[in-house]
Structure formats: structure tokens, C-alpha cells
Amino acid sequence: MLGGRVIPPKLFVKGRYIGGADEVVGLHEQGKLKKLLEEIPSSGNIIANNVCTSCGNLRFLICSSCNGSRKVYEEKDGDHGHHHEFCIKKCNDCNENGLIKCPTCC
Ligand SMILES: [Zn+2]
Ligand SMILES: [Zn+2]
């Protein structure tokens with residue numbers, strides 16, 4: 001498939017060369033591969049190339065409480081059995097534009 005050239009797989013962890021296929025299998029059998037991979041921080045909070053993965057450097061996110069509508073619907077506990085009542089309240093979590101500061105980069 002590669003035109004006759006065989007390229008052995010190589011593994012790098014945090015820019016450090018770990019080894020080819022044989023070394024990786026060896027590490028895996030000794031239970032060391034898992035430990036190496038655990039050293040890598042979870043991708044959730046990585047700010048790659050200085051671009052925030054949560055907001056794309058906008059510094060703001062749409063409020064998750066009201067979805068940017070500035071209104072939250074609160075269910076009232078009424079005495080009406082199956083009848084549900086809702087009241088509309090102003091969202092306290094976001095600014096006047098329905099945005100919150102990005103918690104990842106701000
Ligand atoms: Zn809100
Ligand atoms: Zn951000």
C-alpha cells in the first residue's frame with residue numbers, strides 16, 4: 001500500500017521518542033505505556049496554539065443556564081397535582097448579552 005516502503009511506527013510522548021513498534025509493545029506488556037500516556041494532560045483544558053478550545057479566543061461563551069436568552073424558566077411547586085406552573089426569571093449567571101466569561105481562558 002505504501003509503494004513497497006515499510007515505515008515502522010514510532011511513538012512520541014510529549015516530544016520524547018519512546019520507540020518503535022517493538023518498544024511500544026514491550027512497554028505495554030510491562031504496563032509502562034499506560035503510565036506514559038497518563039502523563040499527557042487531558043485535552044479538555046489544552047490551549048493549543050494560544051487559541052482557547054472552549055471559546056476560540058472570543059473570551060465569552062453563551063450562557064449555559066439560559067442559552068443566551070437572558071430568561072430562565074423555573075418550575076413552581078404548586079398544589080395542583082399534575083399541573084405544572086412555570087415562572088420566567090431573569091438569568092443571574094450572564095451579562096446583558098446572555099454571555100459568560102470563558103472559564104477556560106479568563
Ligand atoms: Zn444566562
Ligand atoms: Zn476561552
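1. Two strands are taken as paired if DSSP finds at least two bridges between them. In this predicted model, strand β4 (residues 71–76) and β5 pair in the antiparallel sense over six bridges, and within that pairing the bridge partner of E75 is F86 in β5.

2. The zinc ion (ligand 2) is coordinated by the SG atoms of C52, C55, C102 and C105, at 2.2 to 2.3 Å. The angles subtended by the four donor atoms run from 105 to 113 degrees, which makes the arrangement tetrahedral; for four tetrahedral donors the ideal angle is 109.5 degrees.

3. Along the chain, the donors of the zinc ion (ligand 2) follow the spacing C-x2-C-x46-C-x2-C. Distant parts of the chain are linked in this way, since C52 sits in the loop between α2 (32–38) and β3 (60–62), while C102 lies in the segment after β6 (99–101), 50 residues apart. C52 counts as buried because its relative accessibility is 2%, and C102, at 1%, also counts as buried.

4. L61 lies in strand β3 and is partly exposed, with a relative accessible area of 22%. The C-alpha atoms of L61 and K101 are 6.3 Å apart in space, although the two residues are 40 residues apart in sequence.

How values were computed: Residues are numbered from 1 along each chain as its sequence is written. Chains are lettered from A and ligands numbered from 1 in the order in which they are written. This is a predicted model: local features need pLDDT of at least 70, side-chain atom pairs count only at pLDDT 80 or more; totals for chains, interfaces and linings use all residues. Side-chain values use heavy atoms; hydrogens and water are left out. Donors are N, O and S atoms within 2.8 Å of the metal (3.2 Å for Na, K and Ca); water is not among the atoms, so sites may look incomplete. Four donors count as tetrahedral if all angles lie between 85 and 135 degrees; four count as square planar and six as octahedral if opposite donors are over 155 degrees apart and all others between 65 and 115; anything else is irregular. Helices (H or I, at least four residues) and strands (E, at least two) are DSSP runs, numbered from the N terminus. Buried means under 20% relative accessible area, exposed over 50%, partly exposed in between (1.4 Å probe, protein chains only).
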